[in-house]
Amino acid sequence: AEKTRDFQASNKRVGVPSLTFRADSDNALRTAATAAQRQVVELEYLVNEVVKSLEPGEKDRPKVKEPRWRASFDLAYGRALALQARAQGYNILMAQMKVAPKPFANKGSNTWNMKPSKDISAGPSVKKLVSKATEYLSRVVDEHPGTPWADLAERELREPMGWEWVEERRDYEEIERRAAEAANRKVVQFADEDDPKKPGQKKQMMGPRQKPRL
């Protein structure tokens, strides 16, 4: 809790990692992957700090007899490990894609989507984190059934901790054309509303002024 509060007090922002990457050229894909990694840097730093603050509690956990405190520690540690596994796995797959972009299996595909997966393909270090997170979260479910702690642990376990690449085709020319049209419409609307050449515009919109009744 202190680590999270300190991070919030620093006014740093945790970006939402991108999951869709344009890949009609290797340069476009590498540029998108680099930008995505920057987004997740602050998140990974925060999660690592939380995990490091909880790790010392492992050795004394067996001494805790109060069920509420056992459930709280196991849930906090399990969720932090799960998020650490997702963040590290994301960065590893991004780095791999930048070094050696994956070829598409289907002709015409030009986009890679990163999807949650039960398959852990980011290496042994991430697999170890996933295993440990699963152990702690499963313990909460087994030892504290029917409690809010168990409910949160079950939700965390339902979300896969690995990632996989899924290809698709997108019409980027059409997407860019629509974006340009939307931007132009917005500019025109603002210009009409604030056009200094139409001084009577606001008065006309307000309608005729009624005389007060006495």
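Strand 1 and strand 2 pair in the antiparallel sense over three bridges, where pairing needs at least two DSSP bridges between the strands. This is a predicted model, in which local features need pLDDT of at least 70, side-chain atom pairs count only at pLDDT 80 or more, and totals for chains, interfaces and linings use all residues. Residues are numbered from 1 along each chain as its sequence is written, and side-chain values use heavy atoms, with hydrogens and water left out. Here is a quick tour, starting with the whole chain and ending with two individual residues.

**Overall layout**

- The chain holds seven helices and three strands; helices (H or I, at least four residues) and strands (E, at least two) are DSSP runs, numbered from the N terminus.
- The chain has 214 residues, and 31% of them count as buried; buried means under 20% relative accessible area, exposed over 50%, and partly exposed in between, with a 1.4 Å probe and protein chains only.
- If you take the contacts between residues at least 6 apart in sequence, 79% join residues at least 24 apart; a contact means heavy atoms within 4.5 Å.

- Three strands make up an open sheet in the order 1-2-3, with antiparallel pairing.
- Strand 1 (20–22) and strand 3 (162–168) are the edge strands, each pairing on one side only.
- From one strand to the next, the twist averages 25°.
- Strand 2 (residues 111–117) pairs with strand 3 in the antiparallel sense over seven bridges.
- Asn-113 is a handy landmark: Thr-20 has Asn-113 as its bridge partner in strand 2, and Asn-113 in turn has Val-166 as its bridge partner in strand 3.
- For Lys-115, the bridge partner in strand 3 is Glu-164.
- Strand 2 is mostly covered, with five of its seven residues buried.

**Helices on the sheet**

- Helix 2 (residues 26–54) lies across strand 1 and strand 2 and runs at about 145° to strand 1; axes are lines fitted to C-alpha atoms, for helices over the stretch in contact, and angles run from 0 to 180 degrees between N-to-C directions.
- Helix 3 (residues 67–99) also packs on the sheet, where it touches strand 1, strand 2 and strand 3, and its direction makes about 45° with that of strand 3.

**Helix against helix**

- Helix 2 and helix 3 pack at an angle of about 155°, and their axes are 9 Å apart.
- That angle makes helix 2 roughly antiparallel to helix 3; angles under 35 degrees count as roughly parallel, over 145 as roughly antiparallel, 65 to 115 as roughly perpendicular and the rest as oblique.
- Helix 2 and helix 3 have a left-handed crossing, a label used if the near helix is turned anticlockwise from the far one by less than a right angle, with right-handed used if clockwise.
- The contact of helix 2 with helix 3 involves 21 nonpolar, six polar and three charged residues; Ala, Val, Leu, Ile, Met, Phe, Trp, Tyr, Cys and Pro count as nonpolar, Asp, Glu, Lys and Arg as charged, and the others, Gly among them, as polar.
- Helix 3 packs with helix 4 (residues 124–143) at an angle of about 155°, with the axes 8 Å apart.
- Helix 3 is therefore roughly antiparallel to helix 4.
- Where helix 3 passes helix 4, the crossing is left-handed, and the contact residues divide into 15 nonpolar, five polar and six charged.
- Helix 4 and helix 5 (residues 148–158) have axes that come within 8 Å and cross at roughly 140°, so the two helices are oblique to each other.
- Helix 4 passes helix 5 in a left-handed crossing.
- On the helix 4 side, the contact is made by Thr-134, Leu-137, Ser-138, Val-140 and Val-141, and on the helix 5 side by Trp-149, Ala-150, Ala-153, Glu-154, Glu-156 and Leu-157.
- The residues of this helix 4 and helix 5 contact divide into seven nonpolar, two polar and two charged.

**Two residues to look up**

- Ala-23 sits in the loop between strand 1 and helix 2, and it counts as buried because its relative accessibility is 10%.
- Leaving aside neighbours within four places in sequence, Ala-23 is in contact with Leu-29, Phe-104, Asn-110, Thr-111 and Trp-112.
- Arg-139 belongs to helix 4 and, not counting residues up to four places away in sequence, touches Arg-61, Asp-74 and His-144.
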